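The sequence and structure are shown first, followed by the description.

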Amino acid sequence: MNTYRLPPIQLAEATGPDLPTEVQLLRVGEFRDTRYGKFKVTPKMLSEMVRNHESKVRRIKPMVDFAHESDKEAAAWINSLETRANGNELWAKVDWTGPGSRMLSEKA
């Protein structure tokens, strides 16, 4: 089994006590997941995600959840998506919920 060592997902710099309003959601690369096995994320996939978000394909406001539990409460609501780093990173502008703000503030 191959082990992939990737740099950590980045948060935008926050000033003072404010929480970041932008978070990196995904990046281009090959990954392995216990549920889905090996999979690849491409720049085309990221640009399609931005386009689908802007077109409101899912007809819901997407959220950032806790521990990949999308059927539970939201940590943040995603307002917009964009690609960065020549299309290799997917970033979201977010509004944190009360529980999400507390978790980040407490570095939980």
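Does F31 count as buried or exposed? F31 counts as buried, because its relative accessibility is 14%; buried means under 20% relative accessible area, exposed over 50%, and partly exposed in between, with a 1.4 Å probe and protein chains only.

The structure holds one aromatic pair. F31 and F39 form this pair, with 5.7 Å from centre to centre and 35 degrees between the planes, and the arrangement is tilted. The rings considered are those of Phe, Tyr and Trp (its six-membered ring), which pair if their centres lie within 6.5 Å; planes under 30 degrees apart count as stacked, over 60 as edge-to-face and the rest as tilted. F39 counts as partly exposed, because its relative accessibility is 34%.

## Basis of the description

The model is predicted: local features need pLDDT of at least 70 and side-chain atom pairs count only at pLDDT 80 or more, whereas totals for chains, interfaces and linings use all residues. Residues are numbered from 1 along each chain as its sequence is written, and side-chain values use heavy atoms, with hydrogens and water left out.

## Overall architecture

The protein chain contains two helices and six strands. From the N terminus on, its elements follow the order β-β-β-α-β-β-β-α. Helices (H or I, at least four residues) and strands (E, at least two) are DSSP runs, numbered from the N terminus.

Of the 108 residues of the protein chain, 24% count as buried. Among contacts between residues at least 6 apart in sequence, 43% join residues at least 24 apart, where contact means heavy atoms within 4.5 Å.

H53 is found in helix α1. This histidine counts as buried, because its relative accessibility is 16%. Leaving aside residues up to four places away in sequence, H53 touches P62, I78, N79, S80 and L81.

M49 also belongs to helix α1 and is partly exposed, with a relative accessible area of 32%. With residues up to four places away in sequence not counted, M49 touches L26, L81 and L90. M49 and T83 are 34 residues apart in sequence, and their C-alpha atoms are 9.4 Å apart in space.

T83 lies in strand β5 and is partly exposed, at a relative accessible area of 33%. Its contacts, not counting residues up to four places away in sequence, are L46, S47, V50, E89 and L90. The C-alpha atoms of T83 and Q24 are separated by 9.4 Å, although the two residues are 59 residues apart along the chain.

D65 is placed in strand β4, where it is partly exposed with a relative accessible area of 21%. D65 touches S70, E73 and A75, residues up to four places away in sequence not being counted. Between the C-alpha atoms of D65 and A76, which are 11 residues apart along the chain, the separation is 7.0 Å.

Two residues other than glycine have a positive phi: the value is near 60 degrees for H68 and about 60 degrees for N86. H68 is in the loop between β4 and β5, and N86 is in the loop between β5 and β6. H68 counts as exposed, because its relative accessibility is 67%. N86 is likewise exposed, with a relative accessible area of 80%.

## A charge over a ring

R84 lies over the face of W91, at 4.5 Å from the ring centre. A charge sits over a ring if NZ of Lys or CZ of Arg is within 6 Å of the ring centre and within 35 degrees of the ring normal.

## The largest pocket

The largest pocket holds about 1800 Å³ of space. On a 1 Å grid over the protein atoms alone, a pocket is an open set of points where a 1.4 Å probe fits, with protein on both sides within 12 Å along at least five of seven lines; lining residues have an atom within 4 Å of a point. Grid points are joined across faces, edges and corners, and a volume is the space filled by probe spheres set on the points.

The lining comprises 43 residues, of which L25, M63, D65, H68 and I78 lie nearest the centre of the pocket. Elements that each supply at least two lining residues include β1 (22-27), α1 (43-54), β5 (74-84) and α2 (98-105). By class, the lining has 27 nonpolar, seven polar and nine charged residues; Ala, Val, Leu, Ile, Met, Phe, Trp, Tyr, Cys and Pro count as nonpolar, Asp, Glu, Lys and Arg as charged, and the others, Gly among them, as polar.
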